[in-house]
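Have a look at the picture, then read on.

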Amino acid sequence: MSTSHPKILLIGCDGQVGWELQRSLAVLADVTATSLCGSYGYALDLLNPDAVDKAVAEVGPDYIVNAAAHTAVDKAESEIELSEKLNTEAPAQLARLAAEHNAVFIHYSTDFVFDGESERPYREEDPTAPLGVYGATKLEGELRVLETEAAAMVFRTSWVYGNHGHNFMKTMLRLFRERDELKVVDDQIGAPTWSRMIAEATAQVIGQLQSGAKHAEELKGVYHLTNSGETSWYGFAREILELSGESCSLLPIATHEYPTPARRPAYSVLDNSKLNQVFSLTMPDWSSTLKRCMEDEKSTS
Ligand SMILES: NC(=O)c1ccc[n+]([C@@H]2O[C@H](COP(=O)([O-])OP(=O)(O)OC[C@H]3O[C@@H](n4cnc5c(N)ncnc54)[C@H](OP(=O)(O)O)[C@@H]3O)[C@@H](O)[C@H]2O)c1
């Protein structure tokens, strides 16, 4: 990228990752932050392709960062068309527009592109086999984005939580207050990832591109971007409970004891080595990061 003060079009700025991106990207660029309802000034509905064309033409971005998606994994099973539109077609349109405007396209995907049968952390090139509609439509989105001429980077992340939006940490904090006992699935293993870490890493990547240290055209592809380490949902809940100072009896259960419309991978830890090799980024351990997020949560509640 050649401009010293780049323009970023951020989509989905009211989601967990998008909200953190607004803050992390603000120091790097002139950010036009859009959300579905326009709460930050600019409303943009990804289901309206004409509006998307218009927004890109108006902003003339150097970077398009797409944090919007249909992330409701269980609902997606019955909302197939909506999932395809938001998770596949909209990213493909944004990537095409990025190519036309010579902008870099940054997009996010998920650990749910894998079936969870691996015995080691998944690498970017490992075979994909999504178990549900969410994972399948996100995977198709990745492929469609990478088919375009855009200098596109797709960051696959996992088990996202944070101080803004709906997530496991916030649900647990509410349930600890409401219940004496809670059963949590202990046989799904993944890496809880703070939305702020995803935003900070994205800002670092853009900073490196902007400085000319790295060239987006040469770096097109998929990257894994999660906190390091691994745990189960039960292990995650236990750590939240301990940090919260609440009291609640936590019981580990098996996946079959908590049936959901969508199947989830039993093991979906992602290997971040490529991110480290290409961008020299080291992702901190999930538990140290959770501690900082919980401190923020306490200070604002
Ligand atoms: N959440 C996770 O655990 C997780 C795990 C792995 C990967 N990811 C990926 O990480 C990325 C960010 O996820 P997140 O957790 O930040 O998601 P999120 O909190 O659910 O935010 C998604 C945002 O997309 C917006 N959106 C929905 N429909 C839209 C539309 N028609 N037009 C414009 N915006 C629309 C939503 O707006 P409303 O809230 O107003 O509907 C919401 O603000 C996504 O690509 C997701 O697939 C997430």
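This is a predicted model: local features need pLDDT of at least 70, side-chain atom pairs count only at pLDDT 80 or more; totals for chains, interfaces and linings use all residues.

## A salt bridge to start with

Lys85 and Glu81 form a salt bridge, with their closest N and O atoms 3.2 Å apart. The term covers a side-chain nitrogen of Lys or Arg within 4 Å of a carboxyl oxygen of Asp or Glu. Both Lys85 and Glu81 sit in helix α4 (residues 80-100), four residues apart, about one turn of the helix.

Residues are numbered from 1 along each chain as its sequence is written, and side-chain values use heavy atoms, with hydrogens and water left out.

Helices and strands here are DSSP runs numbered from the N terminus (H or I, at least four residues, for helices; E, at least two, for strands). As for cover, buried means under 20% relative accessible area, exposed means over 50%, and partly exposed is in between (1.4 Å probe, protein chains only). By that scale Lys85 is partly exposed at 35%, whereas Glu81 is exposed at 54%.

## More charged pairs

The structure holds twelve salt bridges. Three of them are set out below.

| Pair | Closest N to O distance |
|---|---|
| Lys85 and Glu81 | 3.2 Å |
| Glu20 and Arg23 | 3.6 Å |

Glu20 and Arg23 share helix α1 (residues 16-26), where they are three residues apart, about one turn of the helix. Their cover is worth a look: Glu20 is buried, with a relative accessible area of 1%, while Arg23 is partly exposed at 49%. Both belong to a network of salt bridges that also links Arg196 and Asp296. Helix α1 itself is mostly covered, with eight of its eleven residues buried. Among those buried residues are Val17, Leu21 and Leu25.

Glu297 is buried at 13% relative accessibility, and Lys170 is partly exposed at 25%.

## The whole chain

Time to step back. The protein chain has ten helices and 13 strands. Its C-alpha trace spans about 55 × 40 × 40 Å along the principal axes. With 301 residues, a compact globule would have a radius of gyration near 19 Å, and the chain's 19 Å agrees. That radius is taken over C-alpha atoms, and the globule rule is 2.2 Å times the number of residues to the power 0.38.

Buried residues make up 53% of the 301. Contact means heavy atoms within 4.5 Å. Of the contacts with a separation of 6 or more, 80% are between residues 24 or more positions apart.

Is Ile106 buried or exposed? Ile106, found in strand β5 (residues 104-110), is buried, with a relative accessible area of 0%. Leaving aside neighbours within four places in sequence, Ile106 is in contact with Ile64, Val65, Asn66, Met153, Phe155, Thr202 and Ile206. Ile106 and Val145 are 39 residues apart in sequence, and their C-alpha atoms are 9.8 Å apart.

Now try Tyr258, in the loop between β13 (249-253) and α9 (273-279). Tyr258 is exposed at 52% relative accessible area. With neighbours within four places in sequence set aside, Tyr258 is in contact with Val185 and Ile253. From Tyr258 to Ala92 there are 166 residues in sequence and 35 Å in space, C-alpha to C-alpha.

## A pair of positive phi angles

Trp159 has a positive phi of about 40° although it is not a glycine. Trp159 is in the loop between β6 (151-157) and β7 (160-161), and is buried at 8% relative accessible area. Ser280, also not a glycine, has a positive phi near 55°. Ser280 is placed in the loop between α9 and α10, and counts as exposed at 59% relative accessibility.
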